Amino acid sequence: MEQKKKQAIRWIEENQTQFFQISDAIWEHPELSMQEYFASNLLANFLTDAGYQVERNVAGMPTAFIASYGSKGPVIGFSCEYDALPTLSQDKDKSHRCSLKEGAPGHGCGHNLMSIGGIMAAAALKSLIDAGRLKARLKIFGTPAEELCIGKPFLAREGYFRGVDCVLDWHPMAYSKAGYNESTAYFNCKYHFKGATAHGNAPWFGKSALDAAMLMGNALEFLREHLLPGTPGGETTLNYTFENVGGTPNVVPEKATLWCIGRMGTAEEIKELKRRVDNCADGISLATETAVTKELITMIHEKIPNETISRTMLRNFEYVGTPVFSEEDQKTAVQIQHEHGVPVIPMGRELAPFACTKMPVNDSSEYSWFAPMDTAMVELVPDGLGWHNWVVTKFAGGNAGRVTASLAAKLLACTAVELAENPPLLQQAKDELKTRLNGRVYQPLFDESILPATDANYAEMEKFRTPEMQP
C-alpha cells in the first residue's frame, strides 16, 4: 500500500504544473455563484480530454458536471468547487488591499484551488488504475454556487450522490486539520412583498411593501428569542437584509424584498424555523394587505461526522505532512499580521489536534448523508485574519496556493488508496454512518417545484465578464 501512495505522490509532483495552470486561469477569471461558465467548461473539457466520461448541465444547472472513470472497485467521490465571491478582487503582488478592478469578484475562499485539488488526486489514482495497480471507480462532482449552498442540494435531490462509497473533500484554511467536524443545517430564502403605490402627500391610497418588509424584520427580531440555542462553532443564527426597497420618499413603495438566511443544528430544526419565518411573512402580508412571494434559494442538511474516515485522513496527513511555505510568503504573512494588529503566528503550523469540531455552513454536508466523508482543512493563509477577504484572494492566487493545493491532492490521493485497499475499513466507515443516522434517511428539504436559481448573480457578473468568460 505504501508503494502505491508513494507512486501517487510522485505522479502529482511530476504533473502538477498543468493543474496549476487551470487554477491560475480560474483565479484570473473569477465568476460569481451560478455564473461559472468559464471555470466549469475549462474543468469539464480537461477531464473529457483526460479520458473521463463527463456529464454536463447536471440537475438543471448549466455550470454543474460529473466526471466518472473506472469500472471496478469502490466508488470514491471528490468534490470540485469554482465560484468566487463579490468585490474581493485583489492584486496578488500587493500586500495591502488593492483591487485589480473595483467591485469585481475574487477568489476570497480559495475555490480556484478547490477546483483542482480533488481532480489532481483523482488523476494520480487514475494513473494507478491504468497501470493495473488499483481497483477503484472515480467520481468528480463539479458543483457550482457553494457560496450560496445551491449546487450540492440540487444534485442530492436528483440522486446523483447515491451509490458512492465515500467522499473525500478538502478546504483551504488558516490551519491544517483532519476534518472530523460537524456543520449546521441552513436555509436561504427571499420574501418579495408587493403593495400599491401612492403619492407621498396621500399615502392612505397606497399599501407600502416597504412597511411589510420592515415589519417582517421586526418579527424576526422577536423570533430570535425563541430559537433553540446552538453550540460554539455551530451557533443558531437568523439574519436578514433588505435587498430591494426602491422608490423615493415621496412615493409609497409597491415592491420590497427581505432576504433571510437561518442556521440550526439539524434538518428537522431548520424546517421548523423556515415554517415559522414563513408564518411571519404570511401574517404581515395579511396585516398590511400586501402580497408576498417566497423565493426559496436553497436548504441544506447538517453534516454527519465520520470518525473512521477522519482518522484515516489523519494518518495520511501525518504521512504527507503539512504545507511548507516559501520564505517570501512567510515574510508577507508576518507583515500583514503586524499591520492588522493580530498576534504573529508563523505559517507552516503543525497539524491541529484530532477532535470533533464545528465548521461553518457549507453544502458539502449533503454528501455526508449518502456516504462517509471527510473535509480536511489545509493551511493557506496567516492566522487571525478571518476568511472571505482579500488576504485569501492574494494567497490563493500565488505560490502559497500551489503549495496548499498540491499538499491537499497528495492527502486525498493517499487516503483514497488506503480506503480502496482496505475494504473492511471502508465498511467500518459505512457502519458508523448508519449508526449516526440512527434510522434517519435523506429527504430533500424542498420539493421538485423549486428550481436552481440559474440566473443568480447574472446582472452583477455581466459587469465584469471578459470575452473568454462568455457562456
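Colleague: Which residues point one way from strand 3, and which the other way?
Modeller: In this predicted model, the residues of strand 3 divide between two directions, and all are buried. One way point Val-75, Gly-77 and Ser-79; the other way point Ile-76, Phe-78 and Cys-80.

Colleague: How many residues of strand 3 are buried?
Modeller: Strand 3 spans residues 75–80 and is mostly covered. Buried here means under 20% relative accessible area. By that cut-off the count for strand 3 is six of its six residues.

Colleague: Which residue of strand 4 stands opposite Gly-77?
Modeller: Strand 4 covers residues 137–142 and pairs with strand 3 in the parallel sense, over six bridges. Within the pairing, the residue opposite Gly-77 is Lys-139.

Colleague: What volume does the largest cavity have?
Modeller: A search of the whole structure finds one cavity of 30 Å³ or more. The volume of the largest cavity is about 40 Å³.

Colleague: How many charged residues are in the lining of the largest cavity?
Modeller: The lining consists of Glu-81, Met-114, Glu-146, Asp-169, His-171, Met-359, Asn-362, Ser-364 and Thr-375. Asp and Glu count as charged, and the lining includes Glu-81, Glu-146 and Asp-169. Beside two nonpolar and four polar residues, the charged ones number three.

How values were computed: Residues numbered from 1 in each chain as written. Predicted model: local features only at pLDDT ≥ 70, side-chain atom pairs only at ≥ 80, totals over all residues. Heavy atoms only, no water. Buried < 20%, exposed > 50% of the residue type's maximum accessible area, 1.4 Å probe, protein only. Helix = DSSP H or I, 4+ residues; strand = E, 2+ residues; numbered from the N terminus. Pairing = 2+ DSSP bridges. 1 Å grid on protein atoms, 1.4 Å probe; cavity = no way out; pocket = protein on both sides within 12 Å on 5 of 7 lines; lining within 4 Å. Points joined across faces, edges and corners; volume = space filled by probe spheres on them.
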